[in-house]
Amino acid sequence: MLTLGWIAGLLRHRAARLAAIAGGITIAVALLASLGVFLATAKATMTQRSVQRVPVDWQVEVQPGADLSAVQAAVRADPHVVTALAVGYATSTRLSSTVDGTTLTTGTAQVLGLPDGYAGAYPGELRGLSGAPSGVLLAQQTAANLHAAPGTQVVIGRTGLPDATVTVAGIVDLPAIDTLFQKVGAPVGAQPQAPPDNVLLLPAATWHQVFDPLAGQRPDLVRTQLHTRIRHDLPADPAAAYTQVSSSANHLAVTLAGAGLVGDNLGKVLADARSDARYADILFLFLGLPGAVVAALLTAAVTASGATRRRREQALLRARGAAPRHLLRLAAAEAVVVGGGGAVLGLAIAAAIARFGFGTPIWSGVGAGWAVVAGLAGLLVAALTVLVPAYRDLSQTTVAGARRIVGAQRRSPAWLRYGLDGWLLLGAAAMLWITGRNGYQLVLAPEGVPTISVNYWAFLGPALLWAGGALLAWRLSALLLTRARRLTSWTLRPVAGTLSGTVAATLSRGYRQASRTVVFIALAAAFAASTSIFAATYRHQAEIDAQLTNGADVTLTVPASQAGTVRAVPGVRSAEPVQHRFAYVGPDLQDMYGIRADQIAGHVALQDSYFSGGTAQQLLRRLAGRPDAVLVSAETVKDFQLTPGDLLRLRLPDARTGTTITVPFHYAGIVHEFPTAPTDSFLVANAAYLSQQLGDNAPVTLLVSTNGASPSTVAGRLRDRLGSATRITDIESARRIVGSSLSAVDLSTLTGVELGFALALTAATAGLLLALGFAERRRTFALAAALGARPRQLASLVWAEVAMVGVAGLLLGGVLGAVLSKTLVTILTGVFDPPPDRLAVPWPYLAAVTALGVACLAAAGAATTVAARRPPVTVLRDL
Amino acid sequence: MSEDLVHAVELSRTYGQGRTAVVAVHSVSCAVGPTDRVALTGRSGSGKSTLLHLLAGLDRPTGGTLDWPALGGSPSGRPGLIGLVFQGPSLLPPLDAAENVALPLLLAGGEVAESRRRALAALAEAGVADLAGKLPEELSGGQAQRVAVARVLASSPRLILADEPTAQLDAAHRDEVVRLLLAAADALGAGLVIATHDTRVADQLPSRWIMDDGRIRERLPC
């Protein structure tokens, strides 16, 4: 009964304070729950998208001498397999066509035999560009090489047999050509094979007519694969899905007992996704957890701001005979009310965010677990912030001591005296250094290994930085308010006039409360700044990634003679030609790009991070300075122990004769990334030199910059002008591919939610703590009013404090946020592809956060000013 | 009449409305001049503090008229005209003794250095110069009340109103505080009204107004 009465009294008379405590818990619970649901949803999406990205889940290659029908039966009997279609692979000596009296011939080609219904069963494998969707199909690049179109006759060269002739029915793109022609059964970590330059697709019956005779004579040139789709009822977590799929693949391989090798395409994609999933976990910890912790600390601070009053109330109850257990029961009831209320409200907000932000009900699947965890965390925060201080007060404070109005805490806290902030920051620097030595490799997911290694030590650096930064902000604030009182007084003079000294004295004596408010404003501002800067940098890099993937706004491969036609298309600002060839570096075949080193930077955005040993401008200047200069990958430099100026003799195909010739180059620098280049090793050289050495009739890739027109619109115009056989891609499509490939985690929704919470947190800390601090000092204002203070003078006391605390908090928060942003971006290098040159600062958002913080400070100040106008006698009597 | 520092006619103060209304001061007429030394006595709840607050201009009457002829009108928002000593802790907790004493002077527009000089002088006059740098929490009840008297002295008010200034003090401190208030009133030529339920305090003043149920029942010259 006493408990119920006490709670009813609290709700009647301390409703604002209880609401403030519950509000802090609400933010913490809502943030944790919504981020948890996001994380669970994101992981499930990663798995789904991985599945969608793979046209053929498994490619089972029938081994020489094995019985195809037996292997087919075994594969189809596997409980995981849904579809298995036999695809023939054959190597042709050449393809040729005669167009307008001119015969064009390619080098070796791969000819596939596709069974009926293949395109329907694996729609991601073929993309029709022109002509019929089935029948004899020619790959786009091959069609370009042969100047072939639907209706063109193509001659197929067969080793030791007469040529065969087919008529092209359609031109297709092969989006997954890398996996389609992968070497099945290659050892883990083996370099990927370059896809064939020339590909022809035949109906299975035709293929058998053409290549069955060859299989008898040269079985090494003919093989069969079973392209397989498996059941997709996989676990939501990519790591668990990977384990399930790879185990199933291994099981099938064992069942086949050497008759067939399994190329696990789905497993490989899921292996990448599980790394992304771990990065999502890390992002959650780095970006989300600090916000929840700040919200919990805010709750503690709100509770602590009423500590004096609570101690006095406890003292009164104890003086009237209440036993400590009674008081603890009352505190526990209060904790349940604020914790329960805050948790329910927080979960309601999280449910709304989950429903309307992520499109997922919070109580479905793994989200429910997060909701429960977040709710319990809310109750824990309530217990820690309400119950524990009450218990501490009971065990450490006497009745007489509790009745004192202001605690005489003259001595600095122990952590301040022992320089804990400095030690924490030193620790953070040390941890960052140690993490940096490993190249900021936070997640290690070796191919073929089911376990993922996460470097949890890396979390310590930012955690220590947060803690050290907060304590340093406290120290600086306390120093400013206590040791630099004259400076404070002088600074506040424009606001408080002759009362500036009084305000400075008030702040100095109450420096703990003021410093606490400063620190919380700083932490909330730092959370907002670090989250938003990280998100902006991520978006910026995603854009660069799309640029890298696509090369430019629009990219197309055409004969060099068509560059003028492209430049004349409306919307095209410039079209920079880049030659694409191949070169043998030792035994490795690498892509080689021929560029106009003195001009390319004016048309294509090249980041400094693409190169090593200098800026992009410096490396390009070095390349332009010597015709036979070449930029190579860091791996090549390491493998061949290269030093600048070294002679490199590379073997390249001569476009004029089709033979491979040796061309001398000189090593000039390291290149990591380049528009349209693959992620592994490649070379960049001067286009003029390559043309001089190898002929200039190779097709060029044109990197097109638009004049502000939509890239997809310009791409459409180019398709109209050049025909559908020309491969044209635009950055808008590339952005969608990069975003859905989950080579990095899609942060857009996460950052949206986080930025919203950062705003709420900044508003809450800025306004709430200040308002509560003022509420605690109503007696001071009432006494000042009773002594004759005019409303204007009372207002100046309030506004001077608001200005001091607000400016100090926002400034310190800005600095801490900048340092944290830099640290987070550095540590989370693995999330970025490519790593950023510099931070992207979202000034409009930061201005909005600052404006909101200032508005909340102003609201707190205005509310206090209005409250200070109450007749002092009324206030003093109420108190 | 023109010499009156404060002049009240049929003064009333009612809190609340309707059936829950509480009449704290009921039709009180009184005046205080510069030479008056009045003990306002009565039981707890008799309306002493409310009347004192009305006379100080800290509260607004709900009936009657109230004027401060010798002060040129309401003292509200005009620091220094009336010196107040409150019941219980009346010093601002975050300010030390000297800053507390100087505050009314600063609120009245005084310069910082001059206000501090006068504050230190007033503390010395009240015999507590050594407490200038102490915070209120470091002072005993008697010391705090003497600092509060020094605050009154520093601002040289025309009227001193003290609400139970000795309520929490022992006999020695009680007499010391009353002596200080009387000396201050004499030195400043100010009127003095002390609300108290302690007859030993009231006995030290020449006049006594006895309040009961919101009314002044008796006015006794001692």
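**Exercise 1.** In this predicted model, determine what percentage of the contacts in chain B between residues at least 6 apart in sequence join residues at least 24 apart.

*Solution.* Begin with the contacts in chain B whose partners are at least 6 apart in sequence. Among these, 69% link residues at least 24 apart. Next, consider burial: 52% of the 222 residues of chain B count as buried. Finally, list the secondary structure, which comprises six helices and nine strands.

**Exercise 2.** Explain why the radius of gyration of chain B agrees with that of a compact globule.

*Solution.* First, take the length of the chain, 222 residues. For that length, a compact globule would have a radius of gyration near 17 Å. Chain B has 17 Å, and therefore the two agree. Along the principal axes, the C-alpha atoms of chain B fill a box of roughly 50 × 35 × 35 Å.

**Exercise 3.** Identify the residues that B:Val149 touches, leaving aside those up to four places away in sequence.

*Solution.* B:Val149 belongs to the largest nonpolar core, of 281 residues, and is listed with those having the most contacts inside it. Its partners are B:Val85, B:Ala126, B:Val177, B:Leu180, B:Leu181 and B:Ala184. A second, separate core holds 51 residues, including A:Val554 and A:Ala715.

**Exercise 4.** Describe the side of chain A that touches chain B.

*Solution.* Start with the counts: 24 residues of chain A are in contact with 25 of chain B. The elements giving two or more residues to this side of chain A are α18 (500–509), α27 (778–786) and α30 (872–878). Of these, α18(A) gives the most, with five residues.

Terms used:
Residues are numbered from 1 along each chain as its sequence is written. Chains are lettered from A and ligands numbered from 1 in the order in which they are written. This is a predicted model: local features need pLDDT of at least 70, side-chain atom pairs count only at pLDDT 80 or more; totals for chains, interfaces and linings use all residues. A nonpolar core is a set of buried Ala, Val, Leu, Ile, Met, Phe, Trp, Tyr and Cys residues joined through C-beta atoms within 7 Å. A residue is buried if 20 or more other C-beta atoms lie within 10 Å of its own, exposed if 12 or fewer, and partly exposed in between; C-beta atoms are placed from the backbone. Two residues are in contact if their C-beta atoms, placed from the backbone, lie within 7 Å. Helices (H or I, at least four residues) and strands (E, at least two) are DSSP runs, numbered from the N terminus. The radius of gyration is taken over C-alpha atoms; the globule rule is 2.2 Å times the number of residues to the power 0.38.
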